[in-house]
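This report describes the fold of one protein chain. Please examine the sequence and the model before reading on.

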Amino acid sequence: MARVKHYLTNDKFDDPGMVIEVENLGDYILFDVGNIYNLDRHLIKKINKIFITHTHMDHFIGFDYLLRNKLGKAQTVEIFGISPLAENVYCKLQGYTWNLVEHEPQIIFKVKQLNEDLFEHYSLDIKKKFAKDFEKEEKAKTDIIYENEYYRVRYAVLDHKIWVMGYSFEYKDRLFLKKEKIKELPLKGKEIGEFKNWLEDESNKGKKFKIGNKEYSYEYLKEEYSYIQKGIKISYITDVLYSPENKEKIINLVKNSDYLYCESVFLEKDEDQAKKVYHLTTKQTAEIAKEANVKNLVVFHFSRRYGKNKELILNEIKKYFENVY
Ligand SMILES: [Zn+2]
Ligand SMILES: [Zn+2]
């Protein structure tokens, strides 16, 4: 499985957040910026992508602390989310005076926000005192908000009496050649790269590849000369009403996740309260996890009304879904 580290930013009762570290790519990703005060400062300096569900205070209050720890190191931080995120980031940054920053290393925040059916891009540069510069907009054609060669992040727009984003991080399966076995083939240099590309392209199933003067099937070559490193799917859902529309969208986004990080704010008995404030109960969270066929469920954003009794909430979920943490 892909070497990816993931964990909550704090205890389950504090303002939410989750980290995904993809060390081999130098990517350190934060989902929501709630209580991040216990995160390692060196890690905060390295965070280069942030996905925000929404800017209710408990999900965004840590932005100041993040900013404080980022000053002094030149970097670009990409922030993703839904409108009015760019305005909220801008207002946070304008809460300070930036007159002595000429000699400061350059920090740029790049915001990509969904606004109805458009993705809007803004740039906020310390050298311009974090003015909000509009860069471009494009039609949102798919449910992918970020993608590179190794992983993608998909989203769904969910109802929390405002629109919020749910996210799914998908590290792709990767094909590697068996080096020792490849040496036995009469392939050299560029040909090896071409052979790997051919194996990676699944549309070659059932086709043949010529090596020397012999032809071999795709299936045989793939089995004999390569192996697959399995990817991983980690989803993050919080601050959602339990409605049929939300449920369908969430299940569609998170299905078959290796890990689903999901809020579970209230106990079953407080279902009415959950509905009133657009949150989930233990049973509702468990039902989503079960119907989406997720392997592991990590719950958080527990209401403080239950004291700090984690077990009370975890045990109630366990009645409906076993692999909960
Ligand atoms: Zn909220
Ligand atoms: Zn919240």
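**Terms and basis**

Two strands are taken to pair if DSSP finds at least two bridges between them. Helices (H or I, at least four residues) and strands (E, at least two) are DSSP runs, numbered from the N terminus.

This is a predicted model, in which local features need pLDDT of at least 70 and side-chain atom pairs count only at pLDDT 80 or more, while totals for chains, interfaces and linings use all residues. Residues are numbered from 1 along each chain as its sequence is written, and chains are lettered from A and ligands numbered from 1 in the order in which they are written.

**The hairpin**

Strands E13 (residues 208-211) and E14 (residues 214-217) are antiparallel and share four bridges. Lys208 has Ser217 of E14 as its bridge partner. Two residues separate the strands of this hairpin, and Gly212 in the turn has a positive phi of about 60 degrees.

**Domains**

Domain 1 comprises 5-172 + 231-318, and domain 2 comprises 175-229; such bounds come from an automatic or database domain assignment. Between the C-alpha centres of domain 1 and domain 2 the distance is 40 Å.

Tyr171 lies opposite Ile232 in E16.

Seven of the ten residues of H9 are buried, a residue being buried if 20 or more other C-beta atoms, placed from the backbone, lie within 10 Å of its own. The cover over these buried residues includes H7, E17, E18 and helix H10 (310-318), with contact meaning C-beta atoms within 7 Å. After H9 comes Asn293, with a positive phi near 60 degrees.

A nonpolar core is a set of buried Ala, Val, Leu, Ile, Met, Phe, Trp, Tyr and Cys residues joined through C-beta atoms within 7 Å. In the largest such core, of 77 residues, Leu260, Ala289 and Leu297 touch the most other members. Leaving aside residues up to four places away in sequence, Ala289 touches Leu260, Cys262, Val294, Leu297 and Phe321.

How values were computed: Buried ≥ 20, exposed ≤ 12 C-beta atoms within 10 Å, placed from the backbone. Contact = placed C-beta atoms within 7 Å.
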